[in-house]
Amino acid sequence: TRLTSVEIMPFNAVSAEYAAIEGEGDGSLDYWRQGHWAFFGRECRRIGREPAEEMSVVCCVFEVLNVVPE
């Protein structure tokens with residue numbers, strides 16, 4: 001893979017376009033927020049922090065350069 005962009009932004013600033021690029025679930029921003037809020041919430045609690053709408057998240061976009069057959 002090759003990273004084509006990396007942005008650090010508040011959780012609540014992630015766009016519908018990025019959610020669609022990530023392609024999880026139905027590709028919607030609502031789905032992205034629900035799933036990632038649950039994940040980040042667990043991780044925050046694990047390290048003794050509270051999740052916040054303004055917490056920074058790293059949004060990476062990449063391209064696949066080669067698929068290795070099984």
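Helices and strands are here DSSP runs, numbered from the N terminus, where a helix needs at least four residues and a strand at least two. The model described here is a predicted one.

The overall layout comes next. The protein contains two helices and two strands, and along the sequence they follow the pattern β-α-α-β. The radius of gyration is 14 Å, well over the 11 Å that the globule rule gives for 70 residues, so the protein is more spread out than a compact globule. Its C-alpha trace spans about 40 × 25 × 20 Å along the principal axes. Of the 70 residues, 24% are buried. Among contacts between residues at least 6 apart in sequence, 63% join residues at least 24 apart.

The inside of the protein can be read from its largest nonpolar core, a set of 13 residues. Phe11, Val14, Tyr18, Trp32, Val57 and Cys59 have the most contacts inside this core. The elements that give two or more residues to the core are α1 (16-22), α2 (29-46) and β2 (56-63). The greatest share is that of α2, which supplies four residues.

Helix α2 therefore deserves a look of its own, as its buried residues fall within an arc of 145 degrees when seen down the helix axis and so line one face. The buried residues in α2 are Leu29, Trp32, His36, Phe40, Gly41 and Cys44. Among the elements that cover them are α1 and β2. On the face turned away from this buried side, α2 carries the exposed residues Gln34, Arg45 and Arg46. The helix is 18 residues in length and reaches 25 Å from its first C-alpha to its last, close to the 26 Å expected at 1.5 Å a residue. After α2 comes Gly48, which has a positive phi, near 80 degrees.

Which residues is Phe11 in contact with, leaving aside its neighbours within four places in sequence? They are Trp32, Arg33, His36, Trp37, Phe40, Ala52, Glu53, Glu54, Met55 and Val57. Phe11 is buried, as is Phe40.

The aromatic residues can be followed further. A pair of aromatic rings is described by the distance of the centres and the angle of the planes. Rings count as a pair if their centres lie within 6.5 Å, and by this rule there are five aromatic pairs. One of them is formed by Phe11 and Phe40: the ring centres are 6.3 Å apart and the planes stand at 85 degrees, so the pair is edge-to-face. This pair links distant parts of the chain, since Phe11 lies in the loop between β1 (2-10) and α1 while Phe40 lies in helix α2, 29 residues apart. Phe11 and Phe40 also belong to one aromatic cluster, together with Tyr18, Trp32, Trp37 and Phe39.

The account ends where it began, with Val67. Is this residue buried or exposed? The cut-off for exposed is over 50% relative accessible area, and Val67 has a relative accessibility of 65%, so it counts as exposed. Val67 and Thr1 are 66 residues apart in sequence, and their C-alpha atoms are 9.3 Å apart in space.

Key:
Residues are numbered from 1 along each chain as its sequence is written. This is a predicted model: local features need pLDDT of at least 70, side-chain atom pairs count only at pLDDT 80 or more; totals for chains, interfaces and linings use all residues. Side-chain values use heavy atoms; hydrogens and water are left out. A nonpolar core is a set of buried Ala, Val, Leu, Ile, Met, Phe, Trp, Tyr and Cys residues joined through side-chain atoms within 4.5 Å. Buried means under 20% relative accessible area, exposed over 50%, partly exposed in between (1.4 Å probe, protein chains only). Contact means heavy atoms within 4.5 Å. Rings of Phe, Tyr and Trp (its six-membered ring) pair if their centres lie within 6.5 Å; planes under 30 degrees apart count as stacked, over 60 as edge-to-face and the rest as tilted. The expected span of a helix is 1.5 Å times one less than its number of residues. The arc is that of the directions from the helix axis to the C-beta atoms. The radius of gyration is taken over C-alpha atoms; the globule rule is 2.2 Å times the number of residues to the power 0.38.
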